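Me: I am new to this structure and would like to go through it with you, one question at a time.

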Amino acid sequence: MNNNDEFEKLINSFRLEDPDAGEGREQKPLPQRTQHREASAEKPVRADRGSARPGPGQARPAHSAKRTGPQQCPAPSQARPEASAGGAAPQGSGPVRKVKKKKYRVLRGLLIALAVTGFCFYLAFFALDAGCDVFGINQEENEVTVEIPEGSSLSDIASILKDKGVISQPLVFRLYAKYKEADGFQFGEYIMTPKMTYDQIFSVLQKGEDRVDVATVVIWEGATLVDIAAELEKLGVCPADKFIAATQDGEYNFEFLQKIGEDDPLRFYRLEGYLFPNTHQMFLGENPESVVKRFLQDFNDQMTADLYSRMNELNMTLEETVTLASIIQKEAGDPDEMAMVSGVFHNRLNNPGTFPKLESDPTVFYVERVIKKQQAMQNQEMYDAYNTYKCEGLPEGPICNPGMEAIKAALYPEEHGYYFFITDNEGKYYYAVTMDEHEANIAKADRVNAELAAQAAEEG
């Protein structure tokens, strides 16, 4: 074997690993020209012309007539495609796939941008509408009647207001009510407008304002519990008997109630004296216990720390104060005389040895006109406990519901030395220190009353 044969054998056996081939993939030979050039780097002899140039008249070597292996590099169009996971990819598939992916990503980005923009517009519109609803901006002023059933929840109220057109965002209404800690909403029929703010709606529902089923209940100073019950029934607020039962059996969380004799067996009505006389807004068909609570709340609000401090100065309890005030209320119709009348009773209470009994006629009237008429069975012990001609000192409990002027008169009596008083039918008061003076005043009052009766007869 000559040198040319050895060179050809070397060229044919030389292989270069394909850099794109995976592990274990069969290696492909490079074009022969590349191999030849690499081989020629080691041997100076040209691969395509043999080991020596033939001289004149000599034949070329046989191996030079036909070259072994390809002699030219492949054209660009014949370049080997990139390998894929599943083998060789079709010619030209790589760039097309990249273009498709790029178009898909652009389209997806546009869709996301449109969705986000639309959502932002929706949130902006929702926030604007919610703000107008909360503050009643750009809303109609027409009045609508809204009925809130008893026991309605916040969600129920929001739905009713939405159906009536008062609000447009029930969810916002509920969230705002919880944020403001608004509760205690009253049932009934209300007059409302969409122009109302949420805060105004809360106030109306809590206070019962602007209701069409509201009764104005005027309780006068000196009204008894029976009087109040009859007035409530007449106005359609609640039945009289149920109201009285609620005063006797209902449970109310007021601290001042712990200071009165609720368990006293001789006490007639336990809450007599504590149903503060005032002008109240009551709902038609209202729960009797709710009505009682309104009266008690009003009384509690009226009794200030200064009044309790004054009771301590006089060494008087709340029960004694209200009981004395109820007698003053019935004895002195003129507020200007209440302090003088209070002074008479304080003088007697401070001198029990000389004047053990208060001897007030209104206490007798309470026994005859209230207790005996409301009790099915006779109870003489109770009668005597309220009759100040029988009992010593103050009666067992208040005989009416006094107003604030009478309560203050009981705590701030006029200082004087009188132990007796009487009035005539013209409203004049006669005060006396002794019994003889008192009897003389009685004679004066009788003469005035007789003259008034004679004038009335002539005019009649």
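**The largest pocket and a helix crossing**

Reply: In this predicted model, the lining of the largest pocket draws at least two residues from each of α11 (318-331), α12 (338-349), α13 (361-374), β7 (420-423) and α16 (435-459).

Me: Which element gives the largest share of the lining of the largest pocket?
Reply: The largest pocket has a volume of about 500 Å³, and 21 residues line it. Among the elements that each supply at least two residues of this lining are α11 and α16, but the largest share, four residues, comes from β7.

Me: Which residues of the lining lie nearest the centre of the largest pocket, and how many of the lining residues are charged?
Reply: Nearest the centre of the largest pocket lie Glu359, Asp361, Tyr389, Phe421 and His438. Taken as a whole, the lining divides into 13 nonpolar residues and three polar ones, while the number of charged residues is five.

Me: Is α12 parallel, perpendicular or oblique to α15?
Reply: The axes of α12 and helix α15 (residues 404-411) come within 8 Å of each other and cross at roughly 45 degrees. Angles under 35 degrees would count as roughly parallel and those from 65 to 115 as roughly perpendicular, so the relation of α12 to α15 is oblique.

Me: How many of the residues in the contact of α12 with α15 are nonpolar?
Reply: Where α12 passes α15 in a right-handed crossing, Met338, Ala339, Ser342 and His346 of α12 meet Glu405, Ala406, Ala409 and Ala410 of α15. Of the residues in this contact, two are polar and one is charged, and the number that are nonpolar is five.

Note on methods:
Residues numbered from 1 in each chain as written. Predicted model: local features only at pLDDT ≥ 70, side-chain atom pairs only at ≥ 80, totals over all residues. Heavy atoms only, no water. 1 Å grid on protein atoms, 1.4 Å probe; cavity = no way out; pocket = protein on both sides within 12 Å on 5 of 7 lines; lining within 4 Å. Points joined across faces, edges and corners; volume = space filled by probe spheres on them. Nonpolar A, V, L, I, M, F, W, Y, C, P; charged D, E, K, R; others polar. Axes fitted to C-alpha atoms, helices over the stretch in contact; angles between N-to-C directions. Parallel < 35°, antiparallel > 145°, perpendicular 65-115°, else oblique. Left-handed = near helix turned anticlockwise from the far one by under 90°. Contact = heavy atoms within 4.5 Å.
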